[in-house]
Amino acid sequence: YLRLNPLKINTVILELPDDQFKKNANALLRSPAQDRLYESIRSIQKAKFRVLIKIPFRTMKWAILHHPNWRDQQLDPEKQTLKTIDALDLFHPEVRKMLLKLCRNIAEYPIDGIIIEQIAYGMEEGYSPFALAHHQKLFLEKGDLKKVFRNEKGALKAKLHHSVTPFFWRFVGLKSRYLTNFLNEIGETIRSVQPKMEFGVAIPDILLVDPIRGLAHTSLDYLGLKEAQIDFYVITSIDAPPEKLHKSLLKYKRAEKVWLQSHQGTLSSLHQMPISGIVIPYP
């Protein structure tokens with residue numbers, strides 16, 4: 001992936017293979033200089049490009065495969081039962097510890113920044129024992145899964161506000177604050193290794209164009225994230241009409257920190273946006 005500004009392409013964003021994250025998370029290398037990745041980064045920088053590395057938080061296959069107890073729990077609104085899914089539980093203390101260690105080790109490479117992606121929790125996700133215990137500690141209220149969604153068939157997708165309960169919003173708020181605090185800790189960890197390293201987060205456009213619905217569907221709050229120690233945002237999913245997205249970017253007055261990821265047929269419209277960069281696929 002490349003970042004494009006009005007003048008030139010100046011940054012390469014690397015998507016690393018799963019095995020690379022496994023090596024770095026488990027500290028299997030004595031020094032980054034011993035790794036082929038180190039040589040690749042240096043060769044890109046010699047060509048006068050900045051280098052960022054993208055880290056997927058919840059979907060690293062090696063972690064899901066080798067640590068099945070790290071997986072998250074998803075709630076079935078109709079049956080009110082839980083099932084294990086192939087996404088990491090960020091509330092699990094071992095997952096948190098592993099991700100902090102991974103980010104610290106990645107920051108040891110001579111890179112210019114790190115982008116965190118795949119941190120969002122869907123409406124039905126995040127009901128792990130660790131998350132529910134966190135809720136009980138904070139609100140002094142036991143997590144009753146029967147109080148999450150109202151018993152209205154089809155209402156979950158049709159009418160968001162009529163299908164959820166006060167418990168749902170408290171739990172979403174808890175997840176949102178937890179994720180914001182975790183991102184702050186990740187940023188501090190990265191900068192403890194390289195103080196000038198840039199730190200970015202990938203988010204969907206719904207957080208800007210419909211913040212309440214975005215909060216419900218992702219457990220992420222754009223206004224809350226604005227207060228976090230994050231240098232920039234990459235808008236990865238662009239489903240809103242260009243005019244609506246443009247209006248939202250102007251409204252939040254932080255467009256200088258926003259990059260948009262181009263999809264098929266969107267590049268020309270993105271050039272008109274008040275943003276600092278466009279991410280385009282390569283080749």
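This is a chat about a predicted model, its overall make-up and two of its residues.

Student: What should I know about the model before we start?
Tutor: Residues are numbered from 1 along each chain as its sequence is written, and side-chain values use heavy atoms, with hydrogens and water left out. The model is predicted, and local features need pLDDT of at least 70, side-chain atom pairs count only at pLDDT 80 or more, and totals for chains, interfaces and linings use all residues.

Student: How many helices and strands does the chain have?
Tutor: The chain has 13 helices and ten strands, taken as DSSP runs numbered from the N terminus (helices H or I, at least four residues; strands E, at least two).

Student: And how much of it is buried?
Tutor: Of its 283 residues, 52% count as buried, where buried means under 20% relative accessible area, exposed over 50% and partly exposed in between, with a 1.4 Å probe and protein chains only.

Student: Where does M197 sit?
Tutor: M197 lies in the loop between α8 (166-193) and β7 (198-203).

Student: Buried or exposed?
Tutor: M197 is buried, its relative accessible area being 3%.

Student: Which residues does it touch?
Tutor: Leaving aside residues up to four places away in sequence, M197 touches A107, Y109, I111, D112, G113, I114, I190, R191 and D231, a contact being heavy atoms within 4.5 Å. For D112, which is 85 residues apart from M197 along the chain, the C-alpha separation is 5.5 Å.

Student: Switching to K54, where is that?
Tutor: K54 belongs to strand β3 (residues 50-56), and K54 is buried, with a relative accessible area of 8%.
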